[in-house]
Amino acid sequence: MKKILSMAAAALLLVSCNGNASKNETLSDSISNLMGEMYGYGIASQMKNGPDSAKFDKAAFIQGMEMVANIDTAEMSKLQGMQLGMQLAQMQMQLKQQQKVDFDKKKFIEAFKKAFSSDSLKDPQMLQMQLMPMIERASREAKLNDPVAKKNKADGEAYAAKMVKEGYSKTESGLVYKVLAEGSGENFTADQQIDLKYEGKLIDGKVFDSTNGDETRALSPNGVVPGFREALLMMKPGAKMIVVIPGDLAYGADGRGGMIGPNATLVFTIETIGVHEVKK
């Protein structure tokens, strides 16, 4: 939409540089019609391809656009309030979608009116410092109580317990592992770049990441999830392990992307080649 607004501004500038359009009614009509088409087709295309296209209501959009576009100068304060309302609606959707935090519009508006009409003012930055930890806490609690997160956690715990019964070892942190090859030399350290091959799967066997064939990747223990880091620090050059990483040692309640869900347990087969040598 910003791109379309920029195009419209450029078109107006071009008209102003080529004469006074207001003196020519036909030209003015042409400009109005063409700008209307440009906005209409451009925004329709964006909405059609947007993430919420299925829920988009064209009639409601036009109603809102006409209501704001027809506001005269005397109602500018109302327009500014409507713009703030739009920002608040977007903020509410983002909190719900990204942080899973509920937002009560009625309570917000009541508190806003009281603060806005008050004769004495509080420091907004101080209030923000109080607000951010509360949002983080609410987000964390909502994600932990998500049914999918709970199921993934329970399934992961059952899978790890099964592997321990089959002979896998378990560390104090909860990492479950099986050594396939010991390797030789010194254990890797956290500040090293390690050349390795690996395959990462979910407990249902779906592969979400892996090296291919003879391909190796250089990774640092400091740049991976805690469970993977712990495994690397237990290994030496030439070692090979299978590790079962519980969700709290992987991507936690946030998950990662569409494939790794909240609290998902990850299963890695890791083979270390050696310390990565930087070619000069």
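Me: Leaving aside its neighbours within four places in sequence, which residues is Val243 in contact with?

Reply: In this predicted model, Val243 is in contact with Leu175, Val176, Tyr177, Ala231, Leu266, Val267, Phe268 and Ile270. The word contact applies because heavy atoms lie within 4.5 Å.

Me: Which residues touch the most other members of the largest nonpolar core?

Reply: They are Phe228, Val243, Ile245, Phe268 and Ile270, in a core of 23 residues. Two or more residues come from each of strand E3 (194-202), helix H8 (226-233), E6 and E7. E3 gives the most, with 4 residues. A second, separate core has 7 residues, including Ala160, Met163, Ile242 and Val244.

Me: Why is Phe268 called buried?

Reply: The relative accessible area of Phe268 is 7%. Buried means under 20%, so Phe268 is buried.

Me: What makes the pair of Phe208 and Phe268 edge-to-face?

Reply: The ring centres of Phe208 and Phe268 are 5.6 Å apart and the planes are at 90 degrees. Rings pair if their centres lie within 6.5 Å, and planes over 60 degrees apart count as edge-to-face. The pair is therefore edge-to-face. Phe208 is in strand E4 (residues 207-210) and Phe268 in strand E7, 60 residues apart, and the pair links distant parts of the chain. Tyr198, Phe208, Phe228 and Phe268 form one aromatic cluster.

Me: Why is the pair of Phe112 and Phe116 called stacked?

Reply: The centres of these two rings, Phe112 and Phe116, are 5.4 Å apart, with the planes at 15 degrees. Planes under 30 degrees apart count as stacked, so the pair of Phe112 and Phe116 is stacked. Both residues belong to helix H5 (residues 105-116); being 4 residues apart, Phe112 and Phe116 are separated by about one helical turn.

Me: What is the phi of Asn263, and where is Asn263 found?

Reply: Phi of Asn263 is near 60 degrees, a positive value in a residue other than glycine. Most residues other than glycine have a negative phi. Asn263 is found in the loop between strand E6 (240-245) and strand E7 (266-275).

Me: Why is Asn263 called buried?

Reply: Its relative accessible area is 9%. The cut-off for buried is under 20%, so Asn263 is buried.

How values were computed: Residues numbered from 1 in each chain as written. Predicted model: local features only at pLDDT ≥ 70, side-chain atom pairs only at ≥ 80, totals over all residues. Heavy atoms only, no water. Buried < 20%, exposed > 50% of the residue type's maximum accessible area, 1.4 Å probe, protein only. Core = buried A, V, L, I, M, F, W, Y, C linked by side-chain atoms within 4.5 Å. Phe/Tyr/Trp six-rings, centres within 6.5 Å; stacked < 30°, edge-to-face > 60°.
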